[in-house]
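Subject: Model for you to look at

Hi,

Here is the structure I promised. Please open it alongside this note; my findings follow below.

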Amino acid sequence: MIDLSGMVSGNNAEPLYLQIVTALRRRISDGSLGIGTRLPSSRALAQDLGVARSTVVTAYDQLVAEGFAGTRRGAGIFVCDIAPIRPPEAPSRSLPAVTPPAPGMLLPGAPDPEVFPARPWARCVSRVARMDPLSLSHQEDAFGDPELRREIAAYAARWRGIECSAGQVLVTSGAREALELTMDFLVGGEDIALEAPGFTPTQRFALARGWDVRWLRAGARGAEVPRQMAKVTLLTPSHQFPLGGTLPVPQRQAFLQAAKNRGGWIIEDDFDSEFRYAGQPVPAMAALDREGRCIYVGTFSKTFSHALRLGYAILPPALVPQFRALFIHPSAGAAITAQRPLADFMASGQYDRHIRRARRLYAERYAAAAEALEAWPDWLGYFQRHNAGMQIAFHLAGEQSDTQICRRAVDAGYAVRPLSPHDPAKQSQGLLIGFCQGSPDALPDQIAGLRRIVEQS
């Protein structure tokens, strides 16, 4: 006969049914109640424990739900085959806290987190949370927050010379998603032209889909117009990635004319065009487009913060209905929470002020980095002073391996990147050197340390 007395206590604050469940779980787990043991009926156990029958029924239902017991029609409730649960033989040791590694010196292409306007941004988030909290969690337009799209259209006209409406703006979860969405939609089984060297994620994306990729060799002045235009051409005309050159206006016009003749499309990746340190930013290629053949892709990751994960595409009017048909869920995967605060931040003029401040600071750092690199001997290599962007491409001379140099540099606390992975033909050997996260005072010493690593390689 099973003795199940003592399972409940009036001094225990837990509900009575839970006390029964806990006691039976323990006895089943430690083997005191063997597999197949028939438990007392709910009426009998309720009488033994002095509780209501409904309390025992609730306890039994919980045990059945958890798999500790099972019912057999007309026979009652029985203990199931549960492996005994034993405490660990030795107490587990807590692992020491691990501090994530610092990003390293001379990290290319990354904004300085210290330049981020944290307090003004926090005030915008707080204001939106008070005035329109629903906008932080709910969105009906699949293209993104309407107010943010209006601000992006105004910003594109003000800074990049692009005439567009908010209806042409698609908010995405970053420039990379915008590029992949437009590539995937437009190629349609035909060919695509990519810069070489160029942006490796888009190269991998195209090759993984088995597309016919035509490589455009990029130099100091960007890529030349090919004899045969591809269906889709992806360019970084304002600041070629990763070399840094600017595509001259005549070449831009020639690309646009060739796209029109081909019935093709140009995707303009304008990832850090705001950071031009001599003169004013060059107008976007899309600003020259009169035939509706250029899709403009921008991002807030370079100008504002990587953490926001927000980018956008400005579509020619003819493509808007076709892209509308693609999206069922809002914003192509873009986070909703930051969109309305960013719209508020832009509408207040603070975004423009932030860019002007960041451009001034980065210009000082660019000058310090470029002057330090000019002291390197010619036999190490060379770089071209483009006075733009968030990194400098230093071309190595001789037989030096950029990947080996970068491995040694990482061991010494640097975050420079090799140039060769960006070139499918592996004809380029160089270092991508950042400067945005360094101070003008510290950069010369950091670049001198990198020089010693290169000289010893």
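Helices (H or I, at least four residues) and strands (E, at least two) are DSSP runs, numbered from the N terminus. On that basis, leucine 373 sits in helix H11.

Two notes on the source. This is a predicted model: local features need pLDDT of at least 70, side-chain atom pairs count only at pLDDT 80 or more, and totals for chains, interfaces and linings use all residues. Residues are numbered from 1 along each chain as its sequence is written, and side-chain values use heavy atoms, with hydrogens and water left out.

Leucine 373

Leucine 373 is buried, at a relative accessible area of 3%. Buried means under 20% relative accessible area, exposed over 50%, partly exposed in between (1.4 Å probe, protein chains only). What does leucine 373 touch, leaving aside neighbours within four places in sequence? The list is Phe383, Ile392, Phe394, Ile433 and Ile447. Contact here means heavy atoms within 4.5 Å. Glutamine 456 lies 83 residues from leucine 373 in sequence, and 17 Å from it in space, C-alpha to C-alpha.

Helix H3

H3 covers residues 53-66. At 1.5 Å a residue, its 14 residues should span 20 Å, and the end C-alpha atoms are 20 Å apart, which agrees. The expected span is 1.5 Å times one less than the number of residues. Its buried residues are Thr55, Val56, Ala59, Tyr60 and Leu63. They cover an arc of only 130° around the axis, so they are on the same side of H3. The arc is taken from the directions from the helix axis to the C-beta atoms. Asp61 and Ala65 are exposed, on the face turned away from the buried side. The buried residues pack against helix H1 (16-29), helix H2 (42-49), strand S1 (69-72) and strand S2 (76-79). Just after H3, glycine 67 takes a positive phi of about 90°.

Cores

A nonpolar core is a set of buried Ala, Val, Leu, Ile, Met, Phe, Trp, Tyr and Cys residues joined through side-chain atoms within 4.5 Å. The largest has 44 residues; Ile162, Ile266 and Phe300 have the most contacts inside it. Its largest share, six residues, comes from H5. Phenylalanine 300 touches Ile152, Ser305, Leu310, Tyr312, Leu342, Met346 and Tyr351, leaving aside neighbours within four places in sequence. A second, separate core has 34 residues, including Tyr362, Leu380, Ile447 and Val454.

Sheets

Two strands pair if DSSP finds at least two bridges between them. S3 and S10 run antiparallel, joined by four bridges. Threonine 172 stands opposite glycine 311 in S10.

Another open sheet has four strands, S11-S12-S14-S13, with antiparallel pairing. Its edges are strand S11 (381-383) and strand S13 (417-418). Two bridges join S13 to strand S14 (residues 430-434). Proline 418 has leucine 431 as its bridge partner in S14.

Best wishes
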